[in-house]
Amino acid sequence: MPKLYLLGTGIRGLLQITQETQQALSISDKIYVLHSDLGVIRNLEETFDAEVVDLEYIYRGVKTRNDAYKQIAQLIVGATSEATTVSFVVHGHPLFLVSASEYIYGLAERKSITVHALPSVTSLDTIMCDLQLDLGYALQIYDTTTLLRRNHQLDNRAEALFFQLTSTLNPNVIDQLGSDDTLAEFREYLLRFYPHDHPVKVVYSAATAFSGSIVQELELSKLSAQSLNLVERPTLYVPAIE
Ligand SMILES: C[S@@+](CC[C@H](N)C(=O)[O-])C[C@H]1O[C@@H](n2cnc3c(N)ncnc32)[C@H](O)[C@@H]1O
């Protein structure tokens, strides 16, 4: 029976990869990688016997990110029908904001391929450490675009994290950032629930062994695409109102 693994490297290069994930990689025939750090891909090539395929090229042939994720899912499920064991490796956790993993589940079910997702360190884990906070008691988590499109009502008495600021309301493949304030609509939406001077934090968790985490503090009304380093794909923390 062919086997398909959904795996994650963790957030900081390969420092957080689990033993369980390494075991799955060591028995894989083919490893498909979606990761912006070329060093991570080279390391996987050097460490494991499998053929390692960098999926970055798929973004170049499509307009929207969703088209890329659908193609990735088709490629991987197709390859699994022929090979014995195939792994799909992403940054962070394979089931935290990874549309390609969702598409893989759908396609694999139709071909009776069993999918094994293994847990790994997600940016939610690193963000709690960087903020020095236990967010387990009352936490709202939103993808910014989903929040705006579905008009979710926020509870300002509970802590909140907002993911995917960089791609807010933009379905296209993003290779460079323009000069527009792409966060304007998101900021105005939050200001319906929080005061202008509400103190928020933008978290950039360390993504390599050689870099440290950065936590940027600002007032909510000052949040804009220009005030953040969106290339680094940060996450926004909005504390509860006491
Ligand atoms: C496409 S999602 C992938 C998330 C990833 N699978 C995970 O487990 O964290 C990318 C989003 O995760 C968050 N993220 C990823 N890396 C991060 C980092 N180093 N620091 C803060 N947030 C990060 C950001 O909100 C970013 O826009």
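The legends below describe close-up views of a predicted model. Local features need pLDDT of at least 70 and side-chain atom pairs count only at pLDDT 80 or more, while totals for chains, interfaces and linings use all residues. Residues are numbered from 1 along each chain as its sequence is written, and side-chain values use heavy atoms, with hydrogens and water left out.

**View 1. The buried face of helix α2 (residues 38-47).** Val-40, Ile-41 and Leu-44 are the buried residues of this helix (buried: under 20% relative accessible area, 1.4 Å probe, protein chains only; helices: DSSP runs of H or I, at least four residues, and strands: runs of E, at least two, both numbered from the N terminus). They lie on the same side of α2 because they cover an arc of only 100° around the axis, taken from the directions from the helix axis to the C-beta atoms. Their packing partners are α1 (19-26), β2 (30-34), β3 (51-54) and β4 (85-90), with contact meaning heavy atoms within 4.5 Å.

**View 2. The start of α2.** Here the backbone nitrogen of Gly-39 has a side-chain oxygen of Asp-37 within 2.8 Å.

**View 3. Residues around the ligand.** Among 17 residues (a heavy atom within 4 Å of the ligand), those that come nearest are His-93, Phe-96, Thr-122, Ser-123 and Thr-235. The shell has eight nonpolar, eight polar and one charged residues.

View 4. Of the 560 Å² of accessible area that the ligand has on its own, the protein covers 89% (Shrake-Rupley method, 1.4 Å probe).

Definitions and conventions. Buried means under 20% relative accessible area, exposed over 50%, partly exposed in between (1.4 Å probe, protein chains only). A polar contact is a pair of N or O atoms within 3.5 Å; within protein, one must be able to donate a hydrogen and the other to accept it, and residues adjacent in sequence count only if both atoms are side-chain atoms. Ala, Val, Leu, Ile, Met, Phe, Trp, Tyr, Cys and Pro count as nonpolar, Asp, Glu, Lys and Arg as charged, and the others, Gly among them, as polar.
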